[in-house]
Amino acid sequence: MISNREIPKHADLQPYNFAVAGHDGTLCDPEGELFIKPCVQQEIDFYEKAFKDHPAFADLMPEYLGTLVLNDASDVHDIEEQIPAAVEHMTQHFKEEAVRMAKQHAADVAAAEAAKEADALAASKDNVSWKPNKSRKIATDKSVVLENAAYGFKRPNILDAKLGQRLWADDAPMEKRKRFDEITKVTTNGSHGFRIAGMRVYKGGENPDEWDQEGYKVYHKDHGRLVVNKDNVVDEIRKFIFNPRANIDEDLGRAVAEAFVNDLKRVEQVLASSETRMYSASLLFTFEGDGDALRAAIENQTPTTPPKEATEKEPVPLASRVDSGIVMDGEGEIILPQGNGTTINGVIEGDVKVLRLAGEAESDDEEFASLPKIYSLKLIDFAHATWVPGQGPDENSLFGVRSLIKIFEELAK
């Protein structure tokens with residue numbers, strides 16, 4: 001399936017610069033609507049099974065648009081055959097750039113594989129059969145095509161939370177298991193069932209000299225491994241949301257934290273009723289990091305069409321929900337969606353004020369389709385994920401989700 005929105009004009013695939021974790025080789029167009037990620041067949045199979053047979057689980061994932069298999073012999077015709085549902089929205093230049101970038105990736109992978117073979121030869125002399133992939137290139141010609149979770153934001157703040165105490169799959173070699181178990185032991189993967197794998201915060205930190213050219217402070221994977229621990233993890237996530245330098249004050253930050261709590265509870269509900277095993281999957285938290293743009297986005301999500309009359313059996317819907325966006329109802333109240341079909345709202349008078357439970361929110365209203373996004377929570381990274389009918393829910397991942405719920409509940413107070 002594909003979004004009804006037209007894929008941006010002047011498409012020109014380029015390296016994805018919002019990635020805060022994961023492997024190299026991810027691509028997007030300048031507007032950022034498409035996200036093309038090299039992957040293994042197992043990840044493709046997991047996506048396709050979810051969207052075919054598990055709609056509630058699929059709702060937690062980025063929108064899946066199809067797959068591409070591109071190599072040195074690929075051309076534009078291969079793209080047109082493989083993703084016909086999306087091709088009518090792509091410019092010719094977009095398709096040509098996809099092929100060019102794919103061939104470059106194939107060349108990079110070949111070089112990485114040669115280096116890997118050299119490492120393996122050296123390792124064999126030391127009786128070591130596995131070494132980490134320092135090149136961060138996946139040896140594959142397959143890519144999954146997704147809707148980019150960061151699309152639609154002016155200044156997206158992004159946090160990648162890698163789930164699980166156990167990070168290795170059943171087929172992992174013993175050396176990899178030992179290495180990943182050591183990471184778990186010394187990070188919050190062990191204490192909380194997740195760790196911060198990467199983070200981008202608009203105007204983050206107190207020193208502007210630490211910002212990149214777009215005004216972001218980027219926290220790389222070593223931050224989550226070496227700086228974040230069980231004693232400071234709440235304060236580290238606080239830096240992701242509360243940021244006076246970007247005009248996100250305490251009231252607005254608490255509303256964002258509460259919104260994430262609601263979606264995290266939905267994730268918990270779905271995972272608890274699904275039979276999967278996911279190793280090194282992540283939750284990707286995204287929200288509008290520019291406080292002024294965040295307030296404007298909330299204010300813009302006020303319906304202009306008059307509400308339909310309420311009846312005893314059919315109450316007036318307070319607002320519509322697009323993705324996980326906070327929206328405003330006709331009375332100027334902020335709507336924070338709940339997983340159980342209710343919403344939380346609160347009057348905004350300059351700042352966010354009292355939050356309270358309200359009624360059910362209507363979905364699929366085209367009026368909100370083009371409005372700026374406010375926040376999003378997506379489950380990502382399924383290279384080591386499988387469906388396991390009859391084996392019960394994935395408690396390894398659920399432990400991390402439940403820890404995150406507690407942390408965001410604390411931040412929302």
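**Exercise 1.** Which strands does helix H9 (residues 233-241) lie across, and at about what angle does H9 run to E7?

*Solution.* First, know what you're looking at: this is a predicted model, where local features need pLDDT of at least 70, side-chain atom pairs count only at pLDDT 80 or more, and totals for chains, interfaces and linings use all residues. Residues are numbered from 1 along each chain as its sequence is written, and side-chain values use heavy atoms, with hydrogens and water left out.

Next, find the elements: helices (H or I, at least four residues) and strands (E, at least two) are DSSP runs, numbered from the N terminus. H9 lies across E6, E7, E8 and strand E10 (282-288). Its angle to E7 is about 30 degrees, on a scale from 0 to 180 degrees between N-to-C directions, with axes fitted to C-alpha atoms, for helices over the stretch in contact (heavy atoms within 4.5 Å).

**Exercise 2.** Work out the strand order of the open sheet.

*Solution.* Strands pair if DSSP finds at least two bridges between them. E8 (216-219) and E17 (375-380) are the edges, each pairing on one side only.

**Exercise 3.** Trace the bridges that E7 makes.

*Solution.* Start with E6 (residues 156-163): 6 bridges join E6 to E7 (residues 194-202). Ile158 has Arg200 as its bridge partner in E7. Now step across to E8, where the partner of Arg200 is Val218. E7 and E8 share 4 bridges.
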